[in-house]
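Visitor: I am new to reading protein models, and I would like to go through this one slowly. Please take me through it one question at a time.

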Amino acid sequence: MLHTTNPVIKHKTGLLNLAEELSNVSKACKIMGVSRDTFYRYRELADEGGVDSLINRSRRAPNLKNRTDDATEHAVVNYAIDFPAHGQQRTSNELRKKVVFISGSGVRSVWLRHNLENFKKRLKALEEKVARDGIELTDSQIAALERKASDDEVCGEIETAHPGYLGSQDTFYVGSLKGVGRIYQQTFVDTYSKVAHCKLYVTKTPITAADLLNDRVLPFYASQGLPVLRILTDRGTEYCGKVEQHDYQLYLAINDIDHTKTKATSPQTNGICERFHRTILQEFYQVAFRKKLYGELDTLQSDLDEWLAHYNNERTHQGKMCCGRTPMETLLDGKRIWAEKI
C-alpha cells in the first residue's frame, strides 16, 4: 500500500492501491478511468523509484551556469537540517548574517534538488543524520521534532484495517424549525468505507448519541456480518462522562466497543465527520431548505434518509480507500478482504 500527501500524484497512488486491494487491474482501471498501459507505467515507476518517482519530471536540461555555487548550496543544506522549522525566506535572511548571499527562491531551488522542500522532509533528513552520525540535538531541533509529534497526533491520517474497525461519530447543528425548535443531527461515518448513518433529534444528550448506534449503526453492521470495534468522538458532554452514570459510555461498554476521544481543541482529529458535515450541508440541507418548508421533524428525516441512500449507494467518493467507488461498494470489497484475512 502506497501512501502520499502530494495532491499531484494522489490519483496515481490511489490507482495502484485500488488494484492491489481488488487484485484486479482491469477493474481498478475501469473504476479510475485510465488505461492498463498507464497503470503498468505507474507501477513500473513506483517499483523502480518509490512514490516520489510518480511525480512528472521536467525534461528540460538544467542551465548549470545559473546554479548556486557548491559552498552556498552546502551552507543551505546544513542550515535546513540545523533549523528544519525555518522557511525559505528566513533561511535566506539568517544566511545573509553569515555572509552567504542567496535569495528565498534560490533556497527553495536548493531544497528541491536535495529533497528538502517541506518541513517533514527536512525533519526526515535530520532524523537520518542523527541515526547516522549520532549528533547531539540543539534546542531548535528538539522543538521541531516535538512539533512534528504534536502535529502527527492531531492531523495524522487515520489508519483503518477494514469496515467497522473504526467509526467516527459527531453532532451537527442543523438549525431551528418553527414549531419544532433546535434540530441536531447525530452522525456516524465508517472511516474505511465512508458509509454514513444519520438521525435527527431535538436535543443533544448521551441518550440521543447512543440511540443512533442502537437504531441505525449496530443493526446495519450486524446485517453485514461485521463488528464495530472502536468509535472516535470529540469530548462533548454527550459522549464523555463516568461509565456508570453516562448513557453513551454505558452503551459502548455493554456492546464491548472501544472509545477513542479526539485531542482537546483539535476538531480536525475527527476530520472525516467534519468533512461529511460540509458535504451534507452543501448537497442536502441547503438544497432541501430552498425547495421546501419543513414543519415536522419526521418529514425532514424522511428526505434525509432518501439522500443518505443516494450518498451510500450511488455517489462516488474520492477518499483514500474508496478511489472512485461508492461507499457501499468499498464496504463490500473491504468486507471480502477482511473475511480472507481471518
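**A guided reading**

Visitor: Does His197 count as buried or exposed?

Guide: The terms rest on relative accessible area, where buried means under 20%, exposed over 50% and partly exposed in between, using a 1.4 Å probe and protein chains only. His197 has its place in strand S3, residues 196-201, and its contacts, leaving aside neighbours within four places in sequence, include Phe188, Leu212, Phe220 and Tyr221. Because its relative accessibility is 11%, His197 counts as buried.

Visitor: What kind of model is this?

Guide: Residues are numbered from 1 along each chain as its sequence is written, and side-chain values use heavy atoms, with hydrogens and water left out. Local features need pLDDT of at least 70, side-chain atom pairs count only at pLDDT 80 or more, and totals for chains, interfaces and linings use all residues, for this is a predicted model.

Visitor: How many helices and strands are there in the protein chain?

Guide: Helices (H or I, at least four residues) and strands (E, at least two) are DSSP runs, numbered from the N terminus. The C-alpha atoms of the protein chain fill a box of roughly 75 × 50 × 45 Å along the principal axes, and 43% of its 342 residues count as buried. In that chain there are 13 helices and 5 strands.

Visitor: Where do the buried residues of helix H2 fall, seen down its axis?

Guide: In helix H2, residues 25-32, the buried residues are Val25, Ala28 and Cys29. Seen down the axis of H2, they fall within an arc of 100°, the arc being that of the directions from the helix axis to the C-beta atoms, so they line one face of the helix.

Visitor: Which residue caps the N-terminal end of H2?

Guide: Ser23 lies in the loop between H1 and H2, and its phi is near 55°, a positive value in a residue other than glycine. With 68% relative accessibility, Ser23 counts as exposed. The cap itself involves a side-chain oxygen that lies 3.2 Å from the backbone nitrogen of Ser26, and the residue that supplies this oxygen is Asn24.

Visitor: Which residues in H3 do Val25, Ser26 and Cys29 in H2 meet?

Guide: What covers the buried residues of H2 includes helix H1 (10-22) and helix H3 (36-49), where contact means heavy atoms within 4.5 Å. The residues of the contact of H2 with H3 have partners on both sides, and in H3 those that Val25, Ser26 and Cys29 meet are Arg36, Phe39 and Tyr40.

Visitor: How are H2 and H3 set relative to each other?

Guide: Two packed helices are described by the angle between their axes and the distance between the axes. The axes, lines fitted to C-alpha atoms over the stretch in contact, with angles from 0 to 180 degrees between N-to-C directions, come within 9 Å and cross at roughly 105° for H2 and H3. Angles under 35 degrees count as roughly parallel, over 145 as roughly antiparallel, 65 to 115 as roughly perpendicular and the rest as oblique. H2 and H3 are therefore roughly perpendicular.

Visitor: At roughly what angle do the axes of helix H5 and helix H6 cross?

Guide: Gln88, Gln89, Thr91 and Ser92 in H5 meet Gly104, Ser105, Val107, Arg108 and Trp111 in H6. The axes of H5 (residues 88-97) and H6 (residues 104-113) come within 8 Å, and the angle at which they cross is roughly 110°.

Visitor: Where is Cys323 found?

Guide: Cys323 counts as buried, at 5% relative accessibility. Apart from neighbours within four places in sequence, its contacts include Gly14, Leu18, Ile31 and Met32. Cys323 is found in the loop between helix H12 (297-313) and helix H13 (327-341).

Visitor: How far apart in space are Gly175 and Gln185, C-alpha to C-alpha?

Guide: Gly175 is found in strand S1, residues 167-177, and counts as buried at 15% relative accessibility. Not counting residues up to four places away in sequence, Gly175 touches Gly181, Arg182 and Ile183. Gly175 and Gln185 are 10 residues apart in sequence, and C-alpha to C-alpha the distance in space is 9.7 Å.

Terms used: Polar contact = N/O pair within 3.5 Å; in protein donor to acceptor, adjacent residues only side chain to side chain.
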